[in-house]
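Colleague: I would like to learn how to read a protein model feature by feature, with the general idea stated before the particular case. Could we take the one below as our example?

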Amino acid sequence: MVAGDLPAVLDLEHELFPEDAWTWEMFASELGGRSSGRYYLVAEEDGRVVGYAGLLAPASRRTRRGRGGQADVLTMAVASSHWGQGIGSALLEALLAEAAARGCAEVFLEVRVDNPRAQRLYRRHGFAAAGLRRGYYQPSGTDALVMRRRLDAAESFRAHHRVPAAPASGPPGRRS
């Protein structure tokens with residue numbers, strides 16, 4: 001994601017999160033914080049932004065086992081016209097790979113309790129409920145489900161050595 005993507009990102013943000021949308025200033029500040037461990041990306045189709053995601057994953061000190069630290073998924077959205085096409089999975093997988101490459105052992109996120117679609121996506125990718133934050137989303141006051149996923153040593157190895165993940169078992173086709 002670059003500053004030129006912000007008008008399209010903000011359009012999606014306001015469409016999908018009308019009560020709790022991030023502002024231009026919030027996104028600009030996040031993009032300006034790349035050196036402090038931020039990682040933002042967009043998904044495009046025919047030159048049009050159809051999704052975006054952001055991660056906070058400061059470079060972590062390694063433990064004796066070679067991994068440590070945590071990452072946080074800060075934001076993620078896909079245009080409703082593109083739901084079910086695997087874009088959310090692709091964005092999330094890119095964030096997880098970046099967290100592993102930065103040596104993180106676990107990834108956290110908050111998701112609205114009234115967003116079962118997103119919760120299903122996160123569960124499919126190995127996240128589990130870790131807690132609840134009451135009134136987290138403002139100004140709506142909606143609660144957030146805190147979810148957590150551990151990154152295993154194989155993911156970290158693949159990320160550091162740029163080895164592609166093994167293909168998913170089952171019939172070929174698009175994952176969603």
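Modeller: Among contacts in the protein chain between residues at least 6 apart in sequence, 62% join residues at least 24 apart. Please keep in mind throughout that this is a predicted model.

Colleague: Which elements does the protein chain contain, and in what order do they run from the N terminus?

Modeller: The protein chain has five helices and six strands, and, read from the N terminus, the elements follow one another as α-α-β-β-β-α-β-α-β-β-α. Of the 176 residues in the protein chain, 44% are buried.

Colleague: How should I describe the sheet, and in what order do its strands lie?

Modeller: The six strands form an open sheet with mixed pairing, in the order 1-2-3-4-6-5. Its edge strands are strand 1 (38–45) and strand 5 (128–137), each of which pairs on one side only, and from one strand to the next the twist averages 25°.

Colleague: Which pairs run antiparallel, and how many bridges join strand 1 to strand 2?

Modeller: Strand 1 and strand 2 run antiparallel and are joined by eight bridges, with alanine 43 standing opposite glycine 51 in strand 2. Strand 2 (residues 48–56) also pairs in the antiparallel sense with strand 3 (residues 70–78), over six bridges, and there tyrosine 52 stands opposite alanine 77 in strand 3.

Colleague: In which sense do strand 3 and strand 4 run, parallel or antiparallel?

Modeller: Strand 3 and strand 4 run parallel and are joined by four bridges; aspartate 72, for instance, has phenylalanine 108 in strand 4 as its bridge partner. As for burial, six of the seven residues of strand 4 are buried, so strand 4 is largely enclosed by the rest of the structure.

Colleague: Which strands does helix 1 lie across, and at what angle does it run to strand 2?

Modeller: Helix 1 (residues 6–16) lies across strand 1, strand 2 and strand 3, and runs at about 85° to strand 2. Helix 3 (residues 87–101) lies across strand 1, strand 2, strand 3, strand 4 (106–112) and strand 6 (142–150), and its angle to strand 3 is about 160°.

Colleague: Within helix 1, is valine 9 buried or exposed?

Modeller: Valine 9, which is placed in helix 1, is buried, with a relative accessible area of 0%. Leaving aside residues up to four places away in sequence, valine 9 touches Met1, Phe27, Val42, Val49 and Tyr52. The C-alpha atoms of valine 9 and alanine 79 are 9.8 Å apart, although the two residues are 70 residues apart in sequence. Proline 7 is also found in helix 1, but proline 7 is exposed because its relative accessible area of 52% lies over the 50% cut-off. Between the C-alpha atoms of proline 7 and valine 49, which are 42 residues apart along the chain, the separation is 9.6 Å.

Colleague: How does one look for a pocket, and which residues lie nearest the centre of the largest pocket?

Modeller: Rolling a probe the size of a water molecule over the atoms shows where empty space is left. In this model the largest pocket holds about 1000 Å³ of space and is lined by 38 residues, of which Phe17, Met76, Asn115, Ala118 and Tyr122 lie nearest its centre. At least two lining residues come from each of helix 1, strand 3, helix 3, strand 4, helix 4 (116–124) and strand 5, and the largest share, seven residues, is supplied by strand 3. Sorted by class, the lining of the largest pocket has 19 nonpolar, 10 polar and nine charged residues.

Conventions:
Residues are numbered from 1 along each chain as its sequence is written. This is a predicted model: local features need pLDDT of at least 70, side-chain atom pairs count only at pLDDT 80 or more; totals for chains, interfaces and linings use all residues. Side-chain values use heavy atoms; hydrogens and water are left out. Two strands pair if DSSP finds at least two bridges between them. Axes are lines fitted to C-alpha atoms, for helices over the stretch in contact, and angles run from 0 to 180 degrees between N-to-C directions. Contact means heavy atoms within 4.5 Å. On a 1 Å grid over the protein atoms alone, a cavity is a set of points where a 1.4 Å probe fits but cannot get out, and a pocket is an open set with protein on both sides within 12 Å along at least five of seven lines; lining residues have an atom within 4 Å of a point. Grid points are joined across faces, edges and corners, and a volume is the space filled by probe spheres set on the points. Ala, Val, Leu, Ile, Met, Phe, Trp, Tyr, Cys and Pro count as nonpolar, Asp, Glu, Lys and Arg as charged, and the others, Gly among them, as polar. Buried means under 20% relative accessible area, exposed over 50%, partly exposed in between (1.4 Å probe, protein chains only).
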